[in-house]
Amino acid sequence: MKRLLSLTLAAALLAALTLPAAAAEESQDARLAKVTALVKEALALDTEAYETFRGSLSEELVPAWDLSWEGERRSLSVSALEDGTVVSLSRWESRASTPASNGGGFPSFPENGGAEDRAAAEAFLARVLRKGEAVELSGPEGASSLGGSDRAWSGTLILNGLPSPLHYSIRVEDGLVEHFSRDVPETSAIGGVPGPETTASADEAEDKLAETLKLQLEYVREPGSAKAVLRYVSEAGAHTFLADAKTGELIDLTELEEQLRLGYRSAGGANAAPSAKAADTAAEEAGLTKAEQEGIAQMEGVLPKEELDKALRAESAYGLRGYALTGSSYGVEPGKEGTAGRVLCTLRYARTDGGERLSRNITVNAKTGAVESVQSSAPWGREQTLSEEEAQKKAETFLKALCPDRALALYKDAVYAVPIARGQDQAPYYRFRFARTVNGLPFPENSYWVSIDAADGSIYGLSGDWDEDAAFDDANGLISMETALSAWAGTYEAALAYRNVPQKLTKADPAQAKLLEQGLEYYYALRLTYGLEREPSFSGVDAKTGAPVREERGALREPLSYDDLTKSSAKEDIEKLAQYGAGYAGGKFRPSKNVTQWELVALVYSLQGTALEPEAADKDSRENAYYSAYRLGLLRPAERDDNAVLSRADVVRMLLDAAGYGPAARLGGIYTCAYSDKGSIPAEELGYAALAQALGLASGTYAGSRTATRGEAASMLCRVLERAA
């Protein structure tokens with residue numbers, strides 16, 4: 001079968017290569033044969049081991065082929081342009097099966113490749129990249145990534161020696177490329193790649209671009225603090241400009257992208273309300289535990305849905321006339337430090353208008369009836385009866401009644417502005433953001449978002465974020481806007497690069513004519529431009545000192561180091577975690593210290609990229625870490641006891657629960673283990689102890705009742721991460 005397929009394909013390829021050009025263009029099978037031959041040559045493919053082959057064609061901006069080979073326990077897929085340019089590759093070959101792992105919510109240590117894999121990636125890229133194209137296989141900034149792989153690379157394509165907006169990714173396994181993908185100008189932009197020659201200078205462009213920068217003065221909270229200070233930050237909604245590298249003219253990128261977005265008209269709304277949680281089930285009448293009784297007590301004093309519904313209908317601003325109550329659900333929101341929070345009730349409403357279904361969900365405090373949030377859904381394109389100015393007045397009137405004692409002012413925010421990827425005349429609502437004002441200046445971290453139904457003026461959406469504990473710096477001794485702009489401009493330099501810039505379409509070009517037929521007026525084109533760039537990044541200018549403020553880069557995982565591991569038996573494991581930014585901040589690990597619940601929570605939280613110093617962490621950091629631990633299954637809110645000293649059995653149980661082994665560990669009567677002290681292990685812990693032995697968390701003596709140390713917790717965590725891979 002394989003030999004016959006090979007001969008048939010070879011004959012087709014030979015026929016295709018000898019056909020006149022016109023005939024090849026008219027024959028789909030000949031075109032497929034030709035592109036297949038080009039791809040096989042480009043990749044030096046040996047396809048003898050595959051038994052079936054298929055090819056499919058799509059013709060959007062340019063013709064593109066999807067080629068697929070299938071064989072016993074293997075497959076290969078390649079996407080390519082008609083000239084043989086390889087756009088993507090996906091290869092699968094069955095390998096010997098490995099034992100199933102159960103990593104749960106934990107990441108794993110990255111897979112380790114080698115020089116051979118890198119060489120294979122470089123050789124492959126040399127085959128598929130075209131003249132003027134290049135990539136750099138550079139490692140990630142900061143610490144290595146948990147759950148990642150140093151067998152994989154991704155980044156941007158370099159065109160004619162300059163950065164571009166085109167991306168690539170490649171992954172290699174045992175010297176064989178298993179995945180490759182790249183952007184090509186033919187399918188992502190119109191007009192091809194301009195030449196790298198420039199006429200305008202970088203200095204000239206930098207001066208022009210600096211004049212487009214705009215700042216605004218507002219309060220910004222300092223990281224990890226309740227205090228808000230004054231900063232000059234980028235003006236909300238300010239446009240981004242580029243400078244053409246050949247003519248020097250300024251390009252309003254924001255305006256052009258808005259024109260591009262307005263060309264996309266899609267049906268339906270993007271604001272369907274999320275589904276509400278299922279209603280709580282009734283408790284059994286007998287046999288309730290203390291915890292169950294406490295949970296039930298939280299519902300004491302809540303108002304019935306009929307009474308809450310009546311109160312909402314009495315307020316005309318919520319526009320519930322004609323809406324039917326279709327459901328309700330009660331729930332207790334998470335409180336601080338493991339305590340229960342408020343009881344909320346979400347009432348769900350719906351009605352049909354002209355064959356169109358409208359919905360509105362309103363969440364209220366179940367004991368007071370105070371409205372917490374509103375979410376609505378309505379089709380786009382409905383008739384609007386209000387202007388934006390009228391809608392804004394309604395939003396202001398509503399907020400004045402809702403919170404009369406809070407100082408608020410309209411805050412221009414590009415992120416929440418309408419239109420959102422469509423024309424404003426299509427939106428079923430107007431959305432406004434009102435920020436808290438202090439000393440006449442905005443503090444946008446405390447804001448209300450109010451959406452007004454464009455058809456009837458009712459409250460379409462409501463949400464808010466308010467912190468009464470915030471403290472504010474005074475507004476004395478501020479630098480001028482001119483001084484701030486000068487400092488801000490000094491953080492940038494003009495960088496030359498290829499960038500995607502929307503361009504007005506013309507019928508003269510066949511590819512652009514296709515886009516015009518689809519209703520588009522603009523499309524991206526590669527353009528050689530200067531743009532303002534900088535490294536590092538800055539968040540604003542201090543309004544009192546005039547110094548640019550560096551932006552916190554919390555997402556960057558930094559390696560950790562310690563100076564107190566010399567005598568620790570856990571040194572190797574602690575340093576392995578530290579390589580990936582996991583552990584404790586502050587330069588001290590204290591491996592022999594008895595580990596507390598909070599210290600284990602902080603250690604596990606560091607797997608997400610945020611290492612804390614347990615002794616110095618602020619309240620918000622603790623709350624975030626514990627919230628993450630609850631979601632992961634490390635412990636439940638009712639079990640929170642920050643200062644509780646953990647035993648070895650506690651650490652084993654918590655880590656295995658978080659890693660997803662808990663259900664298996666709790667199966668009774670099926671486990672045995674070989675610890676020297678197995679006779680002293682309680683029956684309810686035997687499953688955890690047996691799995692701990694199998695996974696390498698413990699060996700020799702279990703010693704479950706003995707207090708665990710930080711170093712032991714780190715070693716156990718290492719074993720879990722190794723098994724999660």
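Visitor: How many aromatic pairs does the count come to?
Guide: The count comes to 15 aromatic pairs. Keep in mind that this is a predicted model.

Visitor: What makes F53 and W69 a pair, and why is the pair called tilted?
Guide: Two values settle it, because a pair of aromatic rings is described by the distance of the centres and the angle of the planes. For F53 and W69 the centres are 5.0 Å apart. The limit is 6.5 Å, so the rings pair. Their planes make 45°. Stacked needs under 30 degrees and edge-to-face needs over 60, so 45° is tilted.

Visitor: Which strands hold F53 and W69?
Guide: F53 is in strand 1, residues 52-59, and W69 is in strand 2, residues 63-71. The two residues are 16 apart, and the pair links distant parts of the chain.

Visitor: Does W69 count as buried or exposed, and how do you know?
Guide: The relative accessibility of W69 is 2%. Buried means under 20%, so W69 is buried.

Visitor: Why is the pair of F443 and F472 called edge-to-face?
Guide: Their planes stand at 90°, with the ring centres 5.0 Å apart.

Visitor: What does the pair of F443 and F472 tie together?
Guide: F443 sits in strand 19 (residues 441-453) and F472 in strand 21 (residues 471-472), so parts 29 residues apart in sequence are tied together. Ring pairs also bring in Y219, giving a cluster of Y219, F443 and F472.

Visitor: Why is F472 called partly exposed?
Guide: F472 has 24% relative accessibility. That lies between the 20% and 50% cut-offs, so F472 is partly exposed. F443, at 0%, counts as buried.

Visitor: What makes R534 lie over the face of W488?
Guide: R534 is 4.2 Å from the ring centre of W488. The distance limit is 6 Å, with CZ of Arg within 35 degrees of the ring normal. R710 also lies over a ring face, that of Y584, at 4.5 Å from the centre.

Visitor: Why is helix 16 described as largely enclosed?
Guide: Helix 16 covers residues 648-658, and eight of its eleven residues are buried, so the rest of the structure largely encloses it. Among the buried ones are V651, V652, L655 and L656. Just after helix 16, G660 takes a positive phi of about 95°.

Visitor: What makes strand 12 and strand 22 edge strands?
Guide: The open sheet has four strands in the order 12-11-23-22, with antiparallel pairing. Strand 12 (250-252) and strand 22 (493-504) each pair on one side only. On average, neighbouring strands here are turned by 45° against each other, direction ignored.

Visitor: How do you know that strand 22 and strand 23 pair?
Guide: Twelve bridges join strand 22 to strand 23, residues 522-533. Pairing takes at least two, so these strands pair. Y498 stands opposite L528 in strand 23.

Visitor: Which helix packs on the sheet?
Guide: Helix 7, residues 253-262, packs there. Helix 7 touches strand 11, strand 12, strand 22 and strand 23. Its direction makes about 25° with that of strand 22.

Visitor: Why is V374 called buried?
Guide: V374 has a relative accessible area of 3%. The cut-off is 20%, so V374 is buried. V374 is found in strand 16, residues 371-377. Beyond four places in sequence, V374 touches residues including Y318, R360, I459 and L462.

Methods. Residues are numbered from 1 along each chain as its sequence is written. This is a predicted model: local features need pLDDT of at least 70, side-chain atom pairs count only at pLDDT 80 or more; totals for chains, interfaces and linings use all residues. Side-chain values use heavy atoms; hydrogens and water are left out. Buried means under 20% relative accessible area, exposed over 50%, partly exposed in between (1.4 Å probe, protein chains only). Axes are lines fitted to C-alpha atoms, for helices over the stretch in contact, and angles run from 0 to 180 degrees between N-to-C directions. Contact means heavy atoms within 4.5 Å. Rings of Phe, Tyr and Trp (its six-membered ring) pair if their centres lie within 6.5 Å; planes under 30 degrees apart count as stacked, over 60 as edge-to-face and the rest as tilted.
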